[in-house]
Amino acid sequence: TDFSHAPAIPNPFESVQVSVNADDPDGVRSAVLRYAVDDGDFESVEMTRGVGRRLQATIPGQRSGRTVQFYVEAVDGSGHESYFPATGPGSRALYRVQDHAAREGLHNFRILMTEADTDRLHDPTQIMSNGRLKATVYYNESEVFYDVGVRLKGSNAARGDANYLGYNIEFDPMQPF
């Protein structure tokens, strides 16, 4: 529970702390934070125990505009593995290092996807698909919604034209918008 990263939008070369409350009837033997930068290979950082069930680890700072995907992999006392978010490398807990894309004075709703997923979403052979891809949504650059479902909406003409492009977002019922 309480999976999060801070700061929500890090500055260039600022490290990011990821934390989660982890519990298991057999105990939590070990946990690692896995992260990948810009669709690269996953790297691992051992998580350390904080107060109570809280586990934490730090992702090193990155350059401006980099997108980082991350998840936690834990092993219980019986040797069973578990991920959070649940699909591990297939999930989409993401952050982007400060890129100054948010407009001041407006409510900001940012959909953050990996480059590969963005390319797939906008591929001319896929634009009419109602299948959802995973993303992270930021509201006002501070409220974070991990692993939401995203698809394009509208007619064939609208989905292929950035001037009319719309999105349909499905939030986790446990974390409604």
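**Entry 1: T67**

I looked up T67 and found it buried, because its relative accessibility is 10%; buried means under 20% relative accessible area, exposed over 50%, and partly exposed in between, with a 1.4 Å probe and protein chains only. The model is a predicted one, in which local features need pLDDT of at least 70 and side-chain atom pairs count only at pLDDT 80 or more, while totals for chains, interfaces and linings use all residues. Residues are numbered from 1 along each chain as its sequence is written, and side-chain values use heavy atoms, with hydrogens and water left out.

I located T67 in strand β7. Strands (E, at least two residues) and helices (H or I, at least four residues) are DSSP runs, numbered from the N terminus. Which side chain makes a polar contact with the side chain of T67? I found R96, at 3.0 Å. A polar contact is a pair of N or O atoms within 3.5 Å; within protein, one must be able to donate a hydrogen and the other to accept it, and residues adjacent in sequence count only if both atoms are side-chain atoms.

I then listed the residues that T67 touches, leaving aside those up to four places away in sequence: A36, V37, D38, L94, Y95, R96, L112 and M113. Contact here means heavy atoms within 4.5 Å.

**Entry 2: strand β3 and its partners**

I noted that β3 (residues 28–37) runs antiparallel to β7 (residues 67–76), with nine bridges joining the two strands. Two strands pair if DSSP finds at least two bridges between them. V28 has D76 in β7 as its bridge partner.

I also followed β3 to strand β4 (residues 43–46), where four bridges make an antiparallel pairing. In this pairing, V45 of β4 stands opposite L33. The two strands form a hairpin with five residues between them, and D38 in the turn has a positive phi of about 50°.

**Entry 3: an open sheet**

In what order do the four strands of the open sheet lie? I read the order as β1-β2-β6-β5, with antiparallel pairing. β1 and β5 (48–49) are the edge strands, each pairing on one side only. Between β5 and strand β6 (residues 54–59) I found two bridges, and the strands run antiparallel. T48 stands opposite Q56 in β6.

**Entry 4: aromatic rings**

I searched the whole structure for aromatic pairs and recorded twelve. Rings of Phe, Tyr and Trp (its six-membered ring) pair if their centres lie within 6.5 Å; planes under 30 degrees apart count as stacked, over 60 as edge-to-face and the rest as tilted.

The pair of F3 and Y146 is edge-to-face, with 5.1 Å centre to centre and 65° between the planes. This pair links distant parts of the chain: F3 lies in the segment before β1 (4–6) and Y146 in strand β12 (residues 143–153), 143 residues apart. Both F3 and Y146 are buried.

Is F177 buried or exposed? F177 counts as exposed, because its relative accessibility is 53%. I also recorded one aromatic cluster, formed by F3, F70, F84, Y95 and Y146.

**Entry 5: the largest pocket**

I found about 420 Å³ of space in the largest pocket. On a 1 Å grid over the protein atoms alone, a pocket is an open set of points with protein on both sides within 12 Å along at least five of seven lines, and lining residues have an atom within 4 Å of a point. Grid points are joined across faces, edges and corners, and the volume is the space filled by probe spheres set on the points.

Of the 16 lining residues, F84, Y146, D147, D172 and Q175 are the closest to the centre of the pocket. The elements that give two or more residues to this lining are β1 and β12. β12 gives the most, with four residues.

**Entry 6: backbone angles**

I found a cis peptide bond between A6 and P7, with omega about -5°. P7 lies in the loop between β1 and β2 (16–21). Another cis peptide bond joins F84 and P85, with omega about -5°. P85 has its place in the loop between β8 (81–84) and β9 (94–96).

D2 is not a glycine, yet its phi is positive, about 55°. I placed D2 in the segment before β1. D2 counts as exposed, because its relative accessibility is 52%. D147, in strand β12, is also a residue other than glycine with a positive phi, near 60°.

Key: On a 1 Å grid over the protein atoms alone, a cavity is a set of points where a 1.4 Å probe fits but cannot get out, and a pocket is an open set with protein on both sides within 12 Å along at least five of seven lines; lining residues have an atom within 4 Å of a point.
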